[in-house]
Amino acid sequence: MSSFGSLGDPAATFVLTGVRVIDPWNDEDAVRDIAVVEGQLVDPAKAPSDAPRLDARGLVVGPGLCDLHVHLREPGMERAETVESGARAAAHGGFTTVCAMPNTDPPLDEPARVAMVLERARNRACRVRVIAAATRAREGERITEIGELARMGIAGVSDDGSVVASARVARGLLAYLAPLGLPLIEHAEDPALSAGSVMRAGPTATRLGLAGWPASAELSIVDRDIALAEETGGWVHFTHLSTAGGLDAIRRAKERGIRVTCDVTPHHLALTDAWVAGWRGFAWEEPTGVAADPFGAPLDATLAYDPACRVNPPLAPRAEALALLAGVADGTIDSIATDHAPHPLERKRVEFGAAAPGMIGLETALSLGLAAVEVGGLELVRLLGALSTRPAELIGEVRTLQPGSLADLVVFDPVARWRVEASGLASASSNTPLLGVELPGVVRMTVAGGRITYRDGLAAVD
Ligand SMILES: [Zn+2]
């Protein structure tokens, strides 16, 4: 039996016994007890004797996950998702903070609209931070009232969905944001290079007869913004990085001390452009069929051209997905962020090129990461660092499991498996090509700000 709670609930008291504690904040990986008393982590020896004791043997507890990039679709597209349903999807996926992107209808480009979303987010199943629009109406020309928005606690500014196309405007934003300590969160896509494309350029796109998005569409903006960040001292954060070239440029910029950070989505790590051709293996699996030879193998007519695989930026070829995974492993990529992009069925049950780009991700992110850990490509402490500790740090939040901290954590079974089904998702949408796929990792409890926001099982010890 699973159930949701909210940040408005009374603070929780319980003891998890025999749990594997992974705390990237101080590099801890140890089996011990975790005690929460009235929402605070305390020394287990000092927990009251009547605190409920929950058997957590075989389970992992990590810091609460933090997502820098979600689309909650409110206001304007409430059939796809609302702040309430998105917050439940987040809690179900182990997240305790999500950052809502501003490309709603109308966009979050003025303080009153940001205030409205923050008001709707009160006492939900997950903390919601807002990323405000970088320019008015997201038109790329006039900068929003960033000073006032900063005082409201925004996590950054972005015209996500589009790049800030004018280098002059991007430069002004970086200069203006620098003293505020906030990032310009950039959707790096040069529209002149990507116009008309629906998947990543390459042999698979050629085989499918679909117009290709060249990797240079991302790299040209990454290079431009690195130069602007260096010149202004501003902070640029590249979201949903999808190319090996962009990653290389960021690695070199970091070595030179330029203020640049980035995130990658779980689907750009785990899925590849071969999914558009109907292959259903993960990037770290040996390719077969059309994934191994796009021109030599027949297409699977039931899976090729699946509109659920249309995302922007598009899924990368396998070699680049593996390069991105290596970037998470070596810390060049700061964070894994979902780009959770719910869409109603009618925007996806159309031909591939007409489908709205985007897939949901809050409820499968941890599982895709654990699938990468299972095959040995990634350490669990690094995965949780990228899903929690580091993104939280980027938005000014602290995540640790040390006694004395507010309890903000996720408890999960790393080996239990579940099948992704629309009926089992808390999101109001189910647009993901992972439907029907079995994944490792089941969330048993999410605790945000000392409150239990999601719970599934966890029996009391007598
Ligand atoms: Zn984007």
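Modeller: Pro313 sits in the loop between helix H10 (289-292) and helix H11 (318-329). Helices here are DSSP runs of H or I with at least four residues, strands are DSSP runs of E with at least two, and both are numbered from the N terminus. The peptide bond that joins Asn312 to Pro313 is cis, with omega at about 0°. Please keep in mind that this is a predicted model: local features need pLDDT of at least 70, side-chain atom pairs count only at pLDDT 80 or more, and totals for chains, interfaces and linings use all residues. Residue numbers start from 1 along each chain as its sequence is written.

There is a cis bond between Glu74 and Pro75 too, with omega near 10°. Pro75 belongs to the loop between strand S7 (65-70) and helix H1 (83-92). Arg73 is in the loop between S7 and H1 as well, and Arg73 has a positive phi of about 65° although it is not a glycine. Arg73 counts as buried because 27 other C-beta atoms lie within 10 Å. For burial, C-beta atoms are placed from the backbone: 20 or more others within 10 Å of a residue's own make it buried, 12 or fewer make it exposed, and anything in between is partly exposed.

You will find Asp27 in the loop between S2 and S3, in a hairpin with 4 residues between the strands.

Of its 10 residues, 7 are buried, so S2 is largely enclosed by the rest of the structure. S2 and S3 pair in the antiparallel sense over 8 bridges; strands count as paired if DSSP finds at least two bridges between them. Within that pairing, Ile22 has Asp29 of S3 as its bridge partner. With strand S6 (residues 60-63), S2 pairs in the parallel sense over 2 bridges, where Val21 stands opposite Val61.

Ile131 touches, among others, Cys99, Ala100, Ile154, Val157 and Ile185, leaving aside residues up to four places away in sequence. Touching, or being in contact, means that two C-beta atoms, placed from the backbone, lie within 7 Å.

In H4, the residues Ala170, Arg171, Leu173, Leu174 and Leu177 are buried. Seen down the axis of H4, the buried residues fall within an arc of 160°, so they line one face of the helix; the arc is that of the directions from the helix axis to the C-beta atoms. An α-helix has 3.6 residues a turn, so residues three or four places apart point the same way. The buried residues of H4 pack against helix H3 (146-151), strand S10 (156-158), strand S11 (184-186), H7 and strand S14 (236-238).

One more loop is worth a visit. Gly39 lies between strand S3 (28-37) and strand S4 (40-42) and is partly exposed, with 19 C-beta neighbours inside 10 Å. Gly39 and Ile452 are 413 residues apart in sequence, yet their C-alpha atoms are 9.0 Å apart in space. Beyond residues up to four places away in sequence, the contacts of Gly39 include Ala11, Leu406 and Arg451.

To set these pieces in the whole, the chain has 13 helices and 19 strands, and buried residues make up 56% of its 462 residues. Among contacts with a separation of 6 or more, 77% come from residues 24 or more positions apart.
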